[in-house]
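Please read them with the coordinates open.

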Amino acid sequence: MNTTSYKYVNFKRLKEIHSREDIFNFVLRMRLRNYESCSESERKEINSIFTTGIEILRNSLTKSEEEFDEAVQFVVSKVFKKEDPTFWFNNFTHQYRSEVKIQMEYDKIKPYLVGNKIVDIGSGSGRLAAKFAENDYEVYTADIIDYRADIAKDLPFALIDDNSKIAYGDKIADNSLVILSFHHMDNKTFESTIAELKRISNRIIVKEDVFGIPMDNKQFKEIVDLDPLLQEFCKFSLQDQFMILMLSDYVSNVFIHGRTDMSFAFEFKSIPEWRKIFNSDGLKLVDEYLVGFKRGKFSGSCHAYFVVDVI
Ligand SMILES: C[S@@+](CC[C@H](N)C(=O)[O-])C[C@H]1O[C@@H](n2cnc3c(N)ncnc32)[C@H](O)[C@@H]1O
């Protein structure tokens, strides 16, 4: 993988918003709100690391690509201290990601499943897949990078190649899970991956960072009505909502998770765009659910689930 080119793409895209104080401010407030259930002293430190990290990131966007790169490395190692396993924030996020988040994801996805076989595409640490396996599902995993946690190492794993081919047989699974992975794929990769998902499964369950929330769905309206931050998000232009998701995704993956080696295609789509894709070419959208910026969810962006049948 050519990590330098990924960094360049990230720099070029983020540069577009360096003058947008409102966008940086919104992302900072959104990120800090995730931690409102922490103790006062923890919140103070969280406030300090996010404010410092985001400010350094923003300032570095007016400089050269090399300086941007150095600034990001500084934030990752010195501010978020990703290499220090004793830093309490790392323990805190690790515990959340490996326990609380997995249980919440499992509970949310389970009712959408048809049948017992699952293939998790963009399975990452594999912890969600392992949770399903523990609960007697037959589970397969696949990703373009292999960074499986020990708990997932015994599950079948397919390393996805540059042509997006997934080395599993036709209809190997009833369900494909694509949890926060589609926005990492450029158009060509996305199309080939959709073709592969249709080949290997009957139902595709997607979780994505979304914008452009239409008020034609009663459940969406209820979630928006309950959350002033989501109402504020909806008032930004579609382009700005996209930029907010982009900055938030970068902060989450790079600063919080230390994933500096990941491809950031930032291919977020609006809900109407997802609906169009999921109701064409042999796909049918059978359910959708808006999570929004869920409180107390430390990795939260504006999320939604889509349940899509292969017809
Ligand atoms: C934000 S992480 C989500 C990981 C996991 N699904 C979760 O929810 O914790 C995005 C994942 O998508 C993977 N990914 C990126 N491009 C991909 C592609 N073309 N095909 C499959 N996975 C991909 C990344 O390697 C990464 O593991």
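1. Helix 2 (residues 21-33) packs against helix 10 (residues 238-256) at an angle of about 55°, and their axes are 10 Å apart. Axes here are lines fitted to C-alpha atoms, for helices over the stretch in contact, and angles run from 0 to 180 degrees between N-to-C directions. Helix 2 and helix 10 are therefore oblique to each other; angles under 35 degrees count as roughly parallel, over 145 as roughly antiparallel, 65 to 115 as roughly perpendicular and the rest as oblique. The crossing of helix 2 and helix 10 is right-handed, that is, the near helix is turned clockwise from the far one by less than a right angle.

2. This is a predicted model, in which local features need pLDDT of at least 70, side-chain atom pairs count only at pLDDT 80 or more, and totals for chains, interfaces and linings use all residues. Residues are numbered from 1 along each chain as its sequence is written. Helices (H or I, at least four residues) and strands (E, at least two) are DSSP runs, numbered from the N terminus.

3. On the helix 2 side, I23, F24, F26, V27, M30 and R31 meet D240, M243, I244, L247, S248 and V251 of helix 10. Contact requires C-beta atoms, placed from the backbone, within 7 Å.

4. Five of the five residues of strand 1 (residues 117-121) are buried, so the strand is largely enclosed by the rest of the structure. Buried means 20 or more other C-beta atoms within 10 Å of a residue's own, exposed 12 or fewer, and partly exposed in between, with C-beta atoms placed from the backbone. K117, V119 and I121 point one way from strand 1, while I118 and D120 point the other way.

5. Strand 1 runs parallel to strand 2 (residues 138-143), joined by five bridges, and K117 has E138 as its bridge partner. Strand 1 also pairs in the parallel sense with strand 4 (residues 175-179) over three bridges, where D120 stands opposite L177. Strands pair if DSSP finds at least two bridges between them.

6. Strand 1, helix 6 (residues 127-134) and strand 2 form a right-handed β-α-β unit. Right-handed means that, with the strands pointing away from the viewer, the path from the first strand over the helix to the second runs clockwise.

7. Two loop residues deserve a look. K171, not a glycine, has a positive phi of about 50°; K171 lies between strand 3 (157-159) and strand 4 and is partly exposed, with 13 other C-beta atoms within 10 Å. F266 has a positive phi near 50° and sits in the loop between helix 10 and strand 6 (269-270); F266 counts as buried, with 20 C-beta neighbours inside 10 Å.

Notes:
Contact = placed C-beta atoms within 7 Å.
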